[in-house]
Amino acid sequence: MTRAAVPPGIGWHLVPGLTLAVLVLPVLGGLAASFAPGFGPQGFARIMDWPGLAGAVRLSLVTGIGSTLIALGLAALILAMLVDRPVFGLLRRLLSPLLAVPHAAAALGLAFLIAPSGWIARALSPWATGWQVPPDLLILNDPFGLALMLGLVAKELPFLLLMGLAALPACDAPRRLTVAAALGHGRLAGFAHAVWPPLYARLRLPVLAVLAYAMTTVEMAAILGPSLPPTLSLQVALWMSDPGLRALPAAAAGAALQFALVLGAMALWLLAERAARGLRHGWLWRGSRGRGLDGAARWLATVAGFGLAALLIWSLAGLALWSLAGLWPFPAALPDQISLHLWHSTAPALGQSLGLTLLIALVATGAALVLVLGCLEAETRHGQRPFIPIETLVYLPLLVPQIAMLPGLQMLALGAGFQGHWPAVAAAHLVFVLPYVFLSLAPAWRGMDRRLPLIAASLGASPARILWRLRLPLLVAPILTAVALGLAVSVGQYLPTLLIGGGRVGTLTTEAVALASGGNRRLIGAWGLAQLALPAFGFALALGLPRLIFRNRRALRTGGQG
Amino acid sequence: MLTRRHFGQITLAGAGLLLAGRPALAADWQATLAAAQGKTVWWHAWGGDPKINDFIAWVGTLAQERHGVTLEHVKLAATADAVARVLAERDAGQTTGGAVDLIWINGENFAAMQAQGLLHGPFAEDLPNWPLVDVAGKPAVVTDFTLPTEGRESPWAMAQLVFEHDSARLPVPPATLAALKTWILANPGRFTYPQPPDYLGLTFLKQVLYGVMADPALLQAPAGADYAAQVAPLWDFLDAVHPALWRSARAFPASEPALGQLLADGEVDIAFAFNPGRASAEIAAGNLADTVRTFVLAGGTIGNASFVAIPFNAAEPEAAQVVANLLLDPEVQARAQDPAILGFQTVLNLNALNAADRARFDGLALGVATLPPAALGPALLEPHASWMTRIAEDWQARYGVAP
Amino acid sequence: MNGLHLDGIELRLRGSLLARLSLRVAPGEVVSVMAASGSGKSSLLSALIGALPPGFALSGQLWLNGRNLTALPTAARRIGLMFQEDVLFDHLSVGGNLAFGLPPGGNRAARRAEVDAALAEAGLAGFADRDPATLSGGQRARVALLRTLLARPEALLLDEPFAGLDTGLRAQIRDFTFGHSRARGLPVILVTHDPEDARATGGPVLDLFGNPVVLP
């Protein structure tokens with residue numbers, strides 16, 4: 001009777017369907033249109049003939065699965081060993097902003113740091129190493145993809161850690177850990193047996209998204225990965241930019257193969273989950289309490305967490321310094337001259353791109369926010385849940401490689417005449433921003449005390465009044481965080497901007513990637529920092545605004561309900 | 001072809017005379033200028049070099065001042081992105097109002113667009129500034145990788161391969177290909193080349209090919225049945241030097257800028273670039289030590305021209321032609337050749353210029369690292385594209401998949 | 001027909017019957033429903049207020065002062081609700097919390113005066129601009145009740161509203177609550193597992209199926 005008793009809110013029940021359409025149609029349509037040219041025999045024959053195929057496939061699998069495994073392992077270790085320690089607050093503050101660092105900027109910074117002529121070698125030369133010229137060492141672009149994996153791990157660890165932190169409260173971790181400790185289990189063992197299973201169930205989709213990204217990244221593979229042969233994703237990108245256009249069928253076939261490879265790796269991952277569960281049960285039944293492991297585990301978690309954070313921060317500092325550097329020959333630890341010349345000469349172009357980038361990011365994020373809030377409100381008002389839950393489908397744009405779906409999406413956009421201007425680019429960004437906004441906001445919304453709206457309703461407040469006066473104000477902090485994340489995701493989009501914008505929409509990222517093709521570290525540094533500044537500003541607002549708005553409300557000042 | 005050369009030679013008197021002799025053409029151009037007024041040209045051009053980006057921005061100011069044309073530089077990571085864009089538009093049935101108005105192009109990209117019928121024109125030889133172009137002295141301005149341009153692209157800069165070395169570390173560079181090989185073997189880890197199919201990497205292979213082939217003249221015809229025998233010396237050369245390359249040839253820089261960065265970082269002692277003025281311009285910009293100098297190999301180095309082309313579905317083809325013509329303006333050409341700006345060599349015939357315009361070029365300093373024209377040596381013609389297509393594929397199979 | 005009338009109310013969770021109640025609560029009367037934790041008593045209150053949790057089904061009719069509430073949304077039922085913990089809106093001031101409950105009408109000054117008067121009457125004069133997070137437990141409980149009463153409800157549902165308070169405070173808040181409800185002639189249903197709370201109401205005590213409960 002009660003459901004019928006609620007008057008149908010105007011249009012609310014349409015929002016979930018609309019949101020699903022935004023998530024699903026571009027992805028499926030793009031995939032279908034992308035693969036069409038590849039399913040001629042020509043494309044597949046060509047990639048089968050390519051002698052590097054086996055190596056490229058192996059490399060994609062090894063670096064993708066390897067980096068995901070390491071990042072997940074470290075995230076789990078940090079959550080297990082450090083979460084209630086004072087150092088964790090510091091680590092979290094160091095790692096959270098790094099989520100906003102664009103992949104390309106992180107990779108370029110890292111490349112300069114660890115190269116034989118990089119900052120580390122410069123800092124140690126010649127006094128410690130005796131090097132007057134850089135040593136001929138294969139550190140970057142190594143054939144095993146170790147440098148690429150390092151970059152991927154450093155970039156994905158913050159994401160997995162924050163997703164894990166968001167899921168942790170739902171796992172009742174403190175009480176479970178106490179119970180496990182009281183039963184004589186070590187910290188690591190207690191975490192593995194009592195907290196990890198429910199936590200991992202919530203982390204599974206983010207982990208698969210990380211796996212898909214790691215296997216399909218083009219920017220990071222181009223900068224850090226091997227090239228003899230490169231990863232499959234990079235080779236597909238190279239085929240796409242073949243000057244003779246002869247390789248387009250191969251690129252389409254390669255993208256299809258890449259998609260299949262990602263699906264295969266995910267299947268493999270899910271199988272490995274079972275094996276891991278078996279191992280854990282074996283551990284449980286052997287009866288070892290694992291207390292001896294805790295010291296080493298805590299040490300490893302601390303070193304790895306702070307080490308990777310330091311590596312990324314040092315990389316970004318390197319970019320910043322290059323943007324100010326005059327001549328900086330090896331082995332000088334610091335540039336010969338420092339000048340603002342580059343910033344002066346770049347400022348007009350930078351400002352123009354910054355404005356456009358911000359506009360697109362705000363529109364895409366605003367639209368995503370409206371859709372997500374609409375879905376959540378519809379769910380709240382009508383108990384309405386789509387046939388396939390949104391929290392599953394929302395991963396679709398993250399799981400399907402961009403390089404597989406975007407060329408097709410470009411064809412569709414061209415056919416529809418909706419491309420080449422910023423609204424079209426913002427619409428394309430929406431597809432990729434929406435998942436992050438949803439993932440960031442839904443837990444806070446659903447975690448809100450159910451009794452609050454009930455009380456408000458019993459006081460005579462209409463659903464609209466409850467939404468505007470109660471729910472949204474209480475959720476200001478998580479909403480701002482979701483907005484900041486949405487801005488960061490939009491700012492970082494390269495392929496959608498390039499393909500849907502037809503080159504006419506020059507955002508910070510497309511300009512930065514074009515400049516990166518010139519290898520000019522000073523410009524890359526300046527544009528990389530500008531790319532970083534926007535999301536960083538967003539996150540600063542997300543942290544600062546709630547404090548300002550709620551300066552007289554102690555319970556809300558620390559930011560974030562639920 | 002003959003007519004065109006002939007044509008170039010009779011233009012000594014300058015453009016004005018010629019225009020007076022062809023009133024119909026002049027009227028056409030007035031119509032073009034009128035159609036271009038107030039329009040926006042989207043020029044898709046590689047955006048990896050801030051010096052070039054600044055130059056294009058300057059050309060944009062000039063286009064606005066002189067012709068009321070707004071120039072927007074679409075900064076590409078690779079020219080093929082723009083080519084693929086036009087192709088995608090054609091496949092989607094968009095035959096007008098395309099995203100690309102003007103595209104910086106040459107070589108394979110041009111051949112591909114030409115073969116697919118993606119280009120507007122012919123237009124180049126109808127441009128008012130065309131008579132100033134040095135067709136006779138620089139045949140590469142009408143022949144792009146042995147392919148006649150047929151007026152579907154207009155040249156705007158000459159390029160020639162030059163090698164760069166830091167005289168502080170390497171006072172006397174090798175002067176021949178054989179000496180280069182000896183030097184590489186004697187100094188392991190101090191030389192490399194961009195990984196083919198990168199443009200500059202392939203250019204280095206062409207340069208080697210010219211030096212080791214029995215009869216380099218064969219390169220001007222399509223690769224034939226004896227291809228394997230003809231290029232065998234190239235593979236012998238590479239097999240010999242690869243173990244002594246940077247990173248033992250287990251990694252290669254990606255592009256010309258990446259190679260330049262290796263020289264700046266001191267990771268290699270000899271680099272090369274497709275621009276005789278690059279080193280001087282980089283020194284002027286404070287990116288390269290002022291001890292860097294350039295040199296060429298005996299017998300000449302590969303040379304070609306950079307062009308602009310207009311896609312068949314360009315939204316503003318008239319305004320694009322106005323920009324193409326502006327790029328041939330002596331003032332613009334002189335600025336491009338200024339080593340403090342770009343250091344690109346002009347495509348114009350200096351003898352065809354009036355005194356004032358000539359003075360713009362005569363007044364240019366050469367740049368600390370740039371070779372004088374006499375020392376630059378002959379420019380070798382680009383081989384037919386079929387050679388490089390096969391060589392790029394064979395290089396991949398030989399060296400590109402198993403480090 | 002005055003008072004709250006549960007007419008053949010049945011609450012089911014996926015088919016299994018959790019509660020079956022038919023009762024009349026007269027104006028000013030307090031009826032206690034005793035049940036163990038987890039037996040569905042909170043779900044019953046949610047159902048009566050018109051916010052049935054997913055999976056539950058309710059049948060029967062609910063009447064209040066002659067109005068049939070069965071098909072009305074929560075906001076239109078005019079039933080006040082009090083929870084075990086004083087659920088205040090942390091983003092609003094104390095005065096803002098009270099104003100949230102005040103029915104529409106009157107100008108800003110009049111509304112403010114009404115809030116101030118209610119606070120003064122409850123011994124909280126001058127608290128209107130305070131942050132709820134700075135209040136003591138007893139003060140919070142009183143604010144929560146004031147907020148409910150300012151909405152001018154016609155009945156009260158109480159979900160163990162005194163369980164979180166210590167013994168001394170508990171009697172005080174209980175008297176404060178029932179004093180107000182009697183003074184306004186509100187029918188009250190108190191749901192609790194605590195015999196002492198039930199006894200203190202002085203009214204009938206039933207279980208979830210309407211059987212009288214003998215208090216220990």
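**Questions on a three-chain model**

Biologist: Let's start with strand β8 (residues 270–273) of chain B: are its faces buried or exposed?
Modeller: Keep in mind that this model is predicted. On one side of β8(B) sit Ile270(B) and Phe272(B), and on the other sit Ala271(B) and Ala273(B). Both faces are covered, and these four residues are all buried.

Biologist: In which sense do strand β7 (residues 162–166) of chain B and β8(B) pair?
Modeller: If you look across from Ala273(B) in β8(B), you find Val162(B) standing opposite. The pairing of β7(B) with β8(B) runs over 4 bridges, and its sense is antiparallel.

Biologist: Now for chain C: which strands stand at the edges of the open sheet of 4 strands?
Modeller: Read the sheet across and you get the order β2-β1-β4-β5, with antiparallel pairing. An edge strand has a single partner strand, so one of its sides is left without a neighbour in the sheet. In chain C that describes β2 (16–25) and β5 (67–68).

Biologist: Which residue is the bridge partner of Trp63(C) in β5(C)?
Modeller: Strand β4 (residues 56–64) of chain C runs antiparallel to β5(C), and 2 bridges join them. Across from Trp63(C), the partner in β5(C) is Asn68(C).

Biologist: What angle does the direction of helix α1 (residues 41–49) of chain C make with that of β4(C)?
Modeller: Helix α1(C) packs on this sheet, where it touches β1 (4–13), β2 and β4 of chain C. Compared with the direction of β4(C), the helix makes an angle of about 55°.

Biologist: What is the radius of gyration of chain C?
Modeller: Chain C has 7 helices and 9 strands. For its 216 residues the globule rule gives 17 Å, and the chain's own value is close to that, so chain C is as compact as a globular protein of that length. Its radius of gyration is 17 Å.

Biologist: Among contacts in chain C between residues at least 6 apart in sequence, what share join residues at least 24 apart?
Modeller: Buried residues make up 44% of this chain. Taking the contacts between residues at least 6 apart, the share that join residues at least 24 apart is 70%.

Biologist: By class, how many residues are nonpolar on the side of chain C that touches chain A?
Modeller: The contact takes 31 residues from chain C and 29 residues from chain A. Elements giving two or more residues to the chain C side include α1, α3 (94–101) and α5 (137–150) of chain C. That side has 9 polar and 3 charged residues, while the number of nonpolar ones is 19.

Biologist: Is Arg78(C) buried or exposed?
Modeller: Arg78(C) is found in the loop between α2 and β6 of chain C, and its phi is near 60°, a positive value in a residue other than glycine. The cut-off for buried is 20 or more other C-beta atoms within 10 Å. Arg78(C) has 20, so it counts as buried.

Biologist: What about Arg247(B), what is its phi near?
Modeller: This residue lies in the loop between α9 (227–241) and α10 (256–265) of chain B. Arg247(B) is buried, with 20 other C-beta atoms within 10 Å. Its phi is positive although it is a residue other than glycine, with a value near 55°.

Biologist: Which residue does a cis peptide bond join to Ser125(A)?
Modeller: Look in the loop between α7 (119–124) and α8 (146–167) of chain A, where you'll find Pro126(A). The cis bond has an omega of about -10°, and the partner of Ser125(A) is Pro126(A).

Biologist: Last one: how many C-beta neighbours does Gln493(A) have inside 10 Å?
Modeller: Gln493(A) lies in the loop between α22 (476–492) and α23 (495–501) of chain A. Beyond its neighbours within four places in sequence, Gln493(A) is in contact with His429(A), Phe432(A) and Thr509(A). It counts as buried, because the number of C-beta neighbours inside 10 Å is 25.

Key: Residues are numbered from 1 along each chain as its sequence is written. Chains are lettered from A and ligands numbered from 1 in the order in which they are written. This is a predicted model: local features need pLDDT of at least 70, side-chain atom pairs count only at pLDDT 80 or more; totals for chains, interfaces and linings use all residues. A residue is buried if 20 or more other C-beta atoms lie within 10 Å of its own, exposed if 12 or fewer, and partly exposed in between; C-beta atoms are placed from the backbone. Two strands pair if DSSP finds at least two bridges between them. Two residues are in contact if their C-beta atoms, placed from the backbone, lie within 7 Å. Axes are lines fitted to C-alpha atoms, for helices over the stretch in contact, and angles run from 0 to 180 degrees between N-to-C directions. The radius of gyration is taken over C-alpha atoms; the globule rule is 2.2 Å times the number of residues to the power 0.38. Ala, Val, Leu, Ile, Met, Phe, Trp, Tyr, Cys and Pro count as nonpolar, Asp, Glu, Lys and Arg as charged, and the others, Gly among them, as polar.
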